[in-house]
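How do the terms hold up when they are applied one at a time?

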Amino acid sequence: MGRVAEAIATLFFLVTLTFLLAHAVPDGPAYAILGLKISPERLNALNTQFGLDAPLWRQYATWLWHLLHGNLGFSYLQTRPVAAVIGAYAGRTVVLYTVATALAAVAAIGFGWLHGVFYRSWPGRVCSGIELFLYAMPGFFIATVLGMVFGSWLHVLPACGMADLHQAAPGLADRMAHMVLPASSMALFVTPWLARIFAQGVHEEFSRDYVRTARARGVGFGSILLRHVTPNAIRPMVTMLGLSLPAIFSGNVVVESVFDYPGIGWLLWRSAVAHDYPVLVGIVLVLGVATMLGNLAADLVNAWLDPRVTYAE
Amino acid sequence: MGQTLTLSNVGVALQRGGRQVPVVENISLSLAAGETLAIVGESGSGKTTTALAIPGLLPEGATVSGQILLQGQDLRRLAQRALRKLCGARIGMVFQDPLAALNPTMRVGAQITEAIRLHLGLSRRAAWARAVELLNEVGIEGAAARAADYPHMFSGGMRQRVMIAAALACDPILLIADEPTSGLDADLKEQIFTLLARLRADRRLAVLLISHDMSLVARHADRASVFYAGRCVETGPAASMLRSPRHRYTCALLRAAPRLGGGVPAAIRGAMPEPEAFAASCRFAPRCDHAQAECVATAPALTAAPDDEGHIAACFYPATTPVAGMHVPSAAAPSPALSGESLRVEGLTVRYRRGYRSGTARVAVQDVSFQMAPGECLGVVGASGSGKTSLAHAIVHMVPYEGRVLFRGEPLSTLRGAALRRMQLVFQNPAASLDPIQTAGAAIEEALELGGLRDRRQRRARATALLEQVGLANSLLDRLPGTLSGGQAQRVAIARALAAEPALLVLDEPTASLDVSTAAGLLTLLRDLAVRLGVGYIVITHDVAVASVLAHRVAVMQNGRLVEIRNNVPS
């Protein structure tokens with residue numbers, strides 16, 4: 001119960017802040033809809049129509065009232081309910097997100113094994129160097145470089161959109177091909193430090209007493225790594241993965257913008273530029289809920305991985 | 001033949017600071033089926049290194065020389081793979097601290113079946129049935145259900161039983177037990193040893209027991225080897241070794257162990273050398289009261305004593321009188337006229353809530369009442385979980401409690417600042433209770449500053465005096481805790497507590513983390529300080545002998561209740 005109340009309070013604070021910040025930006029959606037050269041009369045007419053001429057507190061109260069009734073509002077730009085807009089875009093991002101997170105986890109585990117097992121010898125140092133190099137790269141740079149190399153120069157992978165628009169009915173293979181570059185870019189943002197955390201865990205777990213016990217039992221190196229060390233070393237990484245959902249998302253905004261992939265990140269970017277407040281605040285709300293669910297999922301996975309962890313409730 | 005295990009001239013060099021440093025040399029032992037051989041020594045003596053060399057479990061970079069024969073087969077000549085086939089199958093190992101030595105995220109049953117499936121190739125189901133059988137054999141009740149539990153769900157003693165079951169899973173012929181009972185209280189120690197004795201007899205096991213506790217060894221081992229600084233200095237029948245030790249180190253070690261009614265334990269001066277500083281001559285000579293020129297020049301060989309069976313010692317001037325005669329006659333417990341009242345505890349109860357916002361509570365201490373006179377030393381003894389540490393923490397106001405605690409006539413809850421500081425607490429593990437980035441001097445000076453000593457030079461001088469009082473040189477003032485030995489760190493912690501000029505010092509297991517000879521030094525110091533400064537102690541310990549060295553009265557805790565408070569009979 002305490003946890004749910006806490007989450008609701010946090011969400012309330014989050015959306016209020018976003019609402020105020022979005023409205024603090026000068027100009028408004030009218031310019032985005034009708035262009036910069038509109039006459040003051042038309043501007044006022046549109047603002048009246050949207051209710052934007054009311055005092056800010058009334059706009060906020062109205063919006064909050066609607067939110068309590070499950071109504072996220074209406075998009076100025078797309079003339080559709082916000083829920084419908086987000087719903088249309090979110091599915092694509094969830095798919096992209098899942099693929100990217102899975103890629104990141106697999107890469108981090110592979111890298112972390114190599115790095116953790118050879119922590120103090122040269123393979124470990126090489127891993128460490130690669131991790132630091134990738135970690136230091138800005139996200140938009142990685143995405144742009146990948147797009148340039150594989151899309152523009154080598155022409156092996158599509159670097160734009162989520163399907164080939166020349167085809168009448170793009171198949172699954174086409175959609176997957178379009179996902180390779182955005183997903184890898186997103187994975188590359190988080191893999192380096194997930195790998196580092198996992199490698200650290202592997203290195204530390206190897207020095208624990210229970211590893212010596214397993215060796216005394218005659219267990220070989222491979223089994224020690226897979227059966228004993230990995231389940232114990234992976235827990236900090238799972239926690240970090242849960243906590244890094246927002247970080248992955250900010251990478252997602254960049255990636256979807258660079259690759260023109262019509263997901264939530266892309267929508268957030270477009271809505272921010274066009275001052276589409278209801279969509280903007282709606283996305284933040286959805287992200288807030290997603291982040292909390294992500295953390296909860298990480299906690300649950302950890303509780304499953306570590307029998308010592310229990311949540312009293 | 002007939003020997004299960006034979007070590008001849010075994011030496012081990014470990015990689016330390018980029019070079020090979022010999023830490024164990026010239027060890028020869030033999031162990032027959034159904035026999036228990038104990039290796040006794042303090043930390044740094046090389047006993048664990050020797051034990052780990054047998055199954056080849058030493059850290060990378062270690063080199064082993066000599067011959068290690070398991071039923072005539074030289075383990076050193078085996079390939080890694082072949083050796084691994086023996087580990088867990090022919091050789092079972094039990095380590096100290098089973099909470100750390102068992103995988104926390106694996107069911108205990110799975111940890112037992114691991115070796116069974118690996119070496120005996122049983123099916124999952126058959127292996128599990130065998131695991132349950134083994135848990136039964138080591139005395140775990142409801143074994144079938146408990147096999148699916150995780151290590152943290154067992155108590156300390158039960159966990160060690162699980163460890164033993166896992167080690168015996170494939171019917172080994174040799175069981176190596178490295179300090180199997182450290183951290184357990186006296187009752188559990190006895191239970192584990194009784195279990196080991198039964199298993200040894202039932203299975204004709206050869207048991208190699210590593211321990212630092214001479215009296216345990218004397219009762220539970222057939223023969224014992226005493227290790228000092230990487231060498232075996234004495235070997236013989238365990239019981240006769242306790243009665244009439246030959247090597248001067250063995251004698252000193254026996255005198256250093258606190259014993260009930262045994263008077264003041266005698267500290268051994270100095271410290272065991274680091275492997276880098278191992279001498280070619282007798283390594284105990286610098287600390288030995290009987291050393292002559294010869295001892296510093298050459299190393300004595302292990303030679304048989306004229307009288308008894310297989311008792312050999314490496315000493316030029318071995319002891320000839322039994323140890324009982326050598327014990328320091330006890331100065332009677334310091335008894336200043338104890339009158340008045342320093343501490344009064346009435347109906348003290350400590351409850352811990354179970355979990356967050358949960359209604360139920362665990363009662364750790366229930367309705368405890370006693371009084372103490374100024375300068376009195378009270379020993380509080382009890383098994384682990386008896387509530388003795390909770391009692392101590394309540395008395396120094398560290399945990400919430402019900403009931404009344406009056407310190408020098410005032411309720412503790414109303415005391416603030418200086419008055420409260422007249423009561424000090426010293427923790428069990430000094431290395432963990434000192435700030436690792438604060439020098440010893442700074443730690444003491446901080447306490448002095450809190451006491452209102454503003455002048456920096458005066459603080460420094462006072463800190464030096466306090467260090468001297470606890471028997472440490474002022475050169476330690478600028479050392480960080482990490483560079484201090486366990487005994488030194490505990491003395492710094494005591495000096496810090498003394499900086500507040502306490503009337504009452506609460507000591508929580510002050511010697512539990514220390515070696516025997518170091519602990520003896522600390523006990524002597526504490527006794528000395530009590531007489532000189534008139535400070536009173538509450539000594540929390542699971543070792544009745546430790547309490548008997550320091551205390552005027554001994555209080556016995558059981559299941560959170562004070563069941564008995566008796567005068568300590570001075571010996």
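The questions and answers below concern a predicted model.

Q: What makes the contact between B:Glu114 and A:Arg217 a salt bridge?
A: The criterion asks for a side-chain nitrogen of Lys or Arg within 4 Å of a carboxyl oxygen of Asp or Glu. The closest N and O atoms of B:Glu114 and A:Arg217 are 2.7 Å apart, and the count between chain B and chain A is two salt bridges.

Q: Why is strand S19 of chain B described as largely enclosed by the rest of the structure?
A: A residue is called buried when its relative accessible area is under 20%. Five of the five residues of S19(B), residues 504-508, are buried, so the strand is largely enclosed. Burial applies to B:Leu504, B:Val506 and B:Asp508, which point one way, and also to B:Leu505 and B:Leu507, which point the other way.

Q: How do you know that S19(B) pairs with S20(B)?
A: Pairing requires at least two bridges, and five bridges join S19(B) to S20(B), residues 536-541, the two strands running parallel. Within this pair, B:Leu505 stands opposite B:Tyr537. From S19(B) the chain crosses through helix H20, residues 516-533, to S20(B) in a right-handed β-α-β crossover.

How values were computed: Residues numbered from 1 in each chain as written. Chains lettered and ligands numbered in written order. Predicted model: local features only at pLDDT ≥ 70, side-chain atom pairs only at ≥ 80, totals over all residues. Heavy atoms only, no water. Buried < 20%, exposed > 50% of the residue type's maximum accessible area, 1.4 Å probe, protein only. Helix = DSSP H or I, 4+ residues; strand = E, 2+ residues; numbered from the N terminus. Right-handed = clockwise from strand over helix to strand, strands pointing away.
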